[in-house]
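Thanks for coming, everyone. Have a look at the screen while I bring up today's structure.

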Amino acid sequence: MDWVFDGGRPCLDLVNTLRSRHLAEPVELLTSPEALAEWLGLAGFVVGRKSVTSGNVTAAKTLREAVNRLLTSPPRAADVLIVNKAAASPPPARLRLDGGVLRREALAPSDWVATALGAIASDAVDLAASDALVRICAAGDCGLRFHDASPRRTRQWCSMSRCGNRAKARAHYARAQGRNR
Ligand SMILES: [Zn+2]
């Protein structure tokens with residue numbers, strides 16, 4: 001399975017790195033530090049490939065599952081805590097005065113991932129506290145989450161090309177079968 005970025009929000013794209021959530025055994029895509037580094041890069045975060053650790057993978061999955069529960073089921077205090085902690089963990093931006101010149105204090109390699117996960121957690125904070133609608137794809141064999149930002153809030157599919165067209169084809173086939181009977 002490939003990465004998908006159809007969630008409409010960074011935090012939902014992270015949630016969707018566990019695919020086929022409708023199954024008893026979903027498909028894990030964050031299988032290694034390399035996989036997390038690749039996903040973070042594709043999601044637009046600057047992270048050195050070698051700076052991602054297996055501890056970061058665990059942290060990303062913990063955040064991911066807390067975000068998923070907060071956005072798709074009755075909220076629990078434990079999940080609020082996890083998201084708040086991740087949102088607060090990035091090191092603050094710091095200026096350094098270097099011989100009269102102002103520079104931004106460089107982040108340690110290990111801080112890049114915390115910064116990326118912090119941004120994702122902040123996105124989850126904004127989304128969870130808004131009246132935005134988070135939906136689960138209507139295709140029974142998908143399970144992807146997305147932010148419904150359609151004007152009438154009627155979006156049903158994670159993406160038209162992946163699930164929408166398949167569903168339309170099935171409905172068309174069913175109608176055709178009905179006519180032929
Ligand atoms: Zn779908």
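A word on the source. This is a predicted model, where local features need pLDDT of at least 70, side-chain atom pairs count only at pLDDT 80 or more, and totals for chains, interfaces and linings use all residues. Residues are numbered from 1 along each chain as its sequence is written, and side-chain values use heavy atoms, with hydrogens and water left out.

Start with the fold. The protein chain has 6 helices and 6 strands. Both are DSSP runs numbered from the N terminus: helices are H or I with at least four residues, strands are E with at least two. In sequence order the pattern reads α-β-β-α-α-α-β-β-α-β-β-α. The C-alpha trace spans about 85 × 35 × 30 Å along its principal axes.

Next, burial. The chain has 181 residues, and 37% of them count as buried. Buried means under 20% relative accessible area, exposed means over 50%, and partly exposed is in between, using a 1.4 Å probe and protein chains only.

Contacts now, meaning heavy atoms within 4.5 Å. Take those between residues at least 6 apart in sequence: 53% join residues at least 24 apart.

On to the metal. Which residues coordinate the zinc ion? Cys137, Cys142, Cys158 and Cys163 do, each through SG, at 2.3 to 2.4 Å. Donors here are N, O and S atoms within 2.8 Å of the metal (3.2 Å for Na, K and Ca); water is not among the atoms, so sites may look incomplete. Along the chain, the donor spacing is C-x4-C-x15-C-x4-C.

Why is the arrangement tetrahedral? Because the 4 donor atoms around the zinc ion subtend angles of 105 to 117°. Four donors count as tetrahedral if all angles lie between 85 and 135 degrees. The ideal angle for four tetrahedral donors is 109.5 degrees.

Cys158 is buried, at 2% relative accessible area. Cys163 is buried too, at 1%.

Last, two residues from elsewhere in the sequence. Ala78 sits in helix H4, residues 77-88. Its relative accessibility is 44%, so Ala78 counts as partly exposed. Ala78 and Ala66 are 12 residues apart in sequence, and their C-alpha atoms are 8.3 Å apart.

Val27 belongs to strand E2, residues 27-28. Val27 is partly exposed, at 30%. Leaving out residues up to four places away in sequence, Val27 touches Met1, Thr17, Leu18, Arg19 and Ser20.

Technical notes:
Four donors count as tetrahedral if all angles lie between 85 and 135 degrees; four count as square planar and six as octahedral if opposite donors are over 155 degrees apart and all others between 65 and 115; anything else is irregular.
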